[in-house]
Amino acid sequence: MARLSSELQRTFIDNEHPPHVTLQELLALAEERVFGVLFVLLALPSALPVPAPGYSVPFGIMIFLLAVQLITGSKQPWFPQKFATHPIALSTVQGILKKALPWLKRIEAITRPRFLPICTSIPGRIVVGCILALMGISMMIPIPGTNTVPAIGIFVTGFGLLEDDGAISLGGLVISLFGAAITISILVAFIWGGSSLLELIKGWLESL
């Protein structure tokens with residue numbers, strides 16, 4: 001089977017393509033590697049330093065839905081029709097891929113099937129799914145800093161699932177846990193700062 005980087009290059013860059021891309025097309029491209037491929041592709045816009053405004057929340061929702069289905073043992077993912085047919089501009093996809101393909105090829109060069117239970121066993125997929133579901137929730141939070149590291153964790157973990165490489169997936173899960181710590185810290189700081197501001201305003205009003 002052709003490498004993911006080669007298929008993406010051929011489908012979206014080298015050959016003629018309609019002006020929009022949909023999730024349904026990505027599902028068809030993924031074939032039996034569908035969960036790993038979708039985690040990789042849905043995490044890409046937030047994981048890379050490429051302007052892709054507005055994609056973290058919907059892609060976070062799709063990643064969460066995908067992770068829940070991984071936990072429940074689904075063989076093929078299901079998405080609401082609204083998400084499956086939502087058009088994404090081909091130029092946006094090409095811009096992301098031009099930045100991502102060199103990194104994809106580097107990761108592909110070191111991946112191989114190993115530590116298979118992490119990627120293929122029921123307990124392994126449940127653990128992976130639970131952590132990626134949390135990362136999907138983090139991507140939905142509209143606060144700067146809660147998207148990038150979780151998306152990188154999802155991207156790396158998904159690539160491990162794609163290649164049945166448990167070592168790569170394990171590395172992605174470690175990154176995800178680091179991302180969770182960052183998100184929790186940001187949320188605590190945000191809540192603490194908001195509480196302090198409210199106290200300041202209350203004190204000011206009482207002094208009037």
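How many nonpolar, polar and charged residues does the lining of the largest pocket have, by class? Point 4 takes this up, after the basis of the model and its overall architecture.

1. Basis. This is a predicted model, in which local features need pLDDT of at least 70 and side-chain atom pairs count only at pLDDT 80 or more, while totals for chains, interfaces and linings use all residues. Residues are numbered from 1 along each chain as its sequence is written, and side-chain values use heavy atoms, with hydrogens and water left out.

2. Architecture. The protein has 10 helices and two strands, where helices (H or I, at least four residues) and strands (E, at least two) are DSSP runs numbered from the N terminus. Their order from the N terminus is α-β-α-α-α-α-β-α-α-α-α-α. Of the 208 residues, 45% count as buried; buried means under 20% relative accessible area, exposed over 50%, and partly exposed in between (1.4 Å probe, protein chains only). The accessible surface comes to about 10800 Å², with 70% of it belonging to carbon and sulfur atoms; the areas come from the Shrake-Rupley method with a 1.4 Å probe, and for residues only the protein chains shown count as cover. Among contacts (heavy atoms within 4.5 Å), those between residues 24 or more positions apart account for 74% of the contacts with a separation of 6 or more.

3. Nonpolar core. A nonpolar core is a set of buried Ala, Val, Leu, Ile, Met, Phe, Trp, Tyr and Cys residues joined through side-chain atoms within 4.5 Å. The largest one holds 53 residues, and Leu-8, Phe-12, Leu-38, Phe-39, Ile-154 and Phe-155 touch the most other members. Two or more residues each come from H1 (4–14), H2 (23–30), H3 (34–47), H4 (56–71), H6 (90–110), H8 (122–140), H9 (148–163) and H10 (166–206). H3 gives the most, with 11 residues. Beyond its neighbours within four places in sequence, Phe-12 is in contact with His-17, Val-21, Glu-25, Leu-26, Leu-29, Leu-90, Val-93, Gln-94 and Leu-97.

4. Largest pocket. On a 1 Å grid over the protein atoms alone, a pocket is an open set of points with protein on both sides within 12 Å along at least five of seven lines, whereas a cavity is a set of points where a 1.4 Å probe fits but cannot get out; lining residues have an atom within 4 Å of a point. Grid points are joined across faces, edges and corners, and a volume is the space filled by probe spheres set on the points. The largest pocket has a volume of about 410 Å³. Its lining consists of 20 residues, and Phe-35, Leu-70, Lys-75, Cys-119 and Arg-125 lie nearest its centre. At least two lining residues are supplied by each of H3, H4, H7 (116–120), H8 and H9. In answer to the opening question, the lining has nine nonpolar, six polar and five charged residues. In this classification Ala, Val, Leu, Ile, Met, Phe, Trp, Tyr, Cys and Pro count as nonpolar, Asp, Glu, Lys and Arg as charged, and the others, Gly among them, as polar.

5. Cavity. The structure holds one cavity of 30 Å³ or more, with about 190 Å³ of space in the largest cavity. Of its 15 lining residues, Leu-26, Leu-41, Pro-45, Val-93 and Ile-96 are the closest to its centre. H1, H3 and H6 each supply at least two residues of this lining, which divides into 14 nonpolar, one polar and no charged.

6. Glu-108 lies in helix H6 and counts as buried at 5% relative accessibility. Apart from residues up to four places away in sequence, Glu-108 touches Arg-3, Leu-4, Ser-5, Phe-159 and Glu-163. Glu-108 and Glu-163 are 55 residues apart in sequence and 8.3 Å apart in space, C-alpha to C-alpha. Thr-183, in helix H10, is buried with a relative accessible area of 6%.

7. Most residues other than glycine have a negative phi. Phe-115, in the loop between H6 and H7, has a positive phi of about 45° and counts as exposed at 55% relative accessibility. Asp-164, in the loop between H9 and H10, has a positive phi of about 55° and counts as partly exposed at 31% relative accessibility.

8. Phe-190 is found in helix H10 and is exposed, with a relative accessible area of 55%. The C-alpha atoms of Phe-190 and Ile-143 are separated by 9.0 Å, at 47 residues apart along the chain.
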